[in-house]
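Please consult the sequence and the coordinates alongside the text.

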Amino acid sequence: MASKQMALLLKNKFFVIITLLCFVVLLSQCSNKDKNLSKETTQKDTATCSSKKINPNGDSELALLMRKMLQSSASLKEMIKQGKLPDKFPEEFLKIHTAKPTDSETKKASFDGFAANYLDNLNTLYHSPKEELTQNYNAVINSCVSCHSEHCPGPIKAIKKLTITK
Ligand code: HEC
């Protein structure tokens, strides 16, 4: 009789331990998710050039143009992955040469060279045969990265994500 009770008690303990273990596993998964989330948000925060969070003069003309370029690249990527040719050349991106940056010192002497290289690659992409779309698109993204490595390293990680890998 006593040994039967012992067995029952052990069985109960066993279940309690299993239940506890399940909770521990669940909890650790939740906290992992939180960590990933905060990583994403910090990446978003560093997607601008300067560490200054709020620009007192509002977003610069160049920063706004860049955001459009980022969005446009993301939709180009999706189109090209489906083998589609992009629409008309985005004339507004020609303004990259004259658009005013947040800080007047941001545009160094090499800026216009990088900008011309980017526009050249973009032009090639918009006139490229279907089988060269991916390659020409990636060349555009590389020209974003080249300029950014000298002028504005913050968003490089986000820009590199736009590369089409196969
Ligand atoms: C010729 C140099 C140059 C090229 C090419 C270039 N960028 Fe930029 N980018 C800059 C500079 C400089 C800034 C900072 C603008 C400012 O703070 O006023 C910037 C800012 C940005 C920002 C941050 C905007 C914000 O919200 O503050 C993003 C995102 C960005 N660029 C994406 C891109 C993408 C995508 C491409 C290519 C399609 C690209 N850039 C090509 C120089 C360049």
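## Model and fold

The structure is a predicted model. The chain contains 5 helices and 0 strands, and its pattern along the sequence reads α-α-α-α-α.

Among contacts between residues at least 6 apart in sequence, 70% join residues at least 24 apart. Of the 166 residues in the chain, 26% are buried.

## The iron site

Two residues of the chain coordinate the iron atom of the ligand: Met66 through SD and His148 through NE2, at 2.0 to 2.2 Å. These two residues come from distant parts of the chain, 82 residues apart. Met66 belongs to helix H2 (residues 61-81), whereas His148 belongs to helix H4 (residues 133-151).

The arrangement around the iron atom of the ligand is octahedral because its 6 donor atoms subtend angles of 87 to 179 degrees. For six octahedral donors, the ideal angles at a metal are 90 or 180 degrees.

## Accessibility of the protein donors

Are the two coordinating residues buried, partly exposed or exposed? His148 has a relative accessibility of 10% and therefore counts as buried, the cut-off for that class being under 20%. Met66 has a relative accessibility of 24%, so this residue counts as partly exposed; that class lies between 20% and 50%.

Notes:
Residues are numbered from 1 along each chain as its sequence is written. This is a predicted model: local features need pLDDT of at least 70, side-chain atom pairs count only at pLDDT 80 or more; totals for chains, interfaces and linings use all residues. Side-chain values use heavy atoms; hydrogens and water are left out. Donors are N, O and S atoms within 2.8 Å of the metal (3.2 Å for Na, K and Ca); water is not among the atoms, so sites may look incomplete. Four donors count as tetrahedral if all angles lie between 85 and 135 degrees; four count as square planar and six as octahedral if opposite donors are over 155 degrees apart and all others between 65 and 115; anything else is irregular. Helices (H or I, at least four residues) and strands (E, at least two) are DSSP runs, numbered from the N terminus. Buried means under 20% relative accessible area, exposed over 50%, partly exposed in between (1.4 Å probe, protein chains only). Contact means heavy atoms within 4.5 Å.
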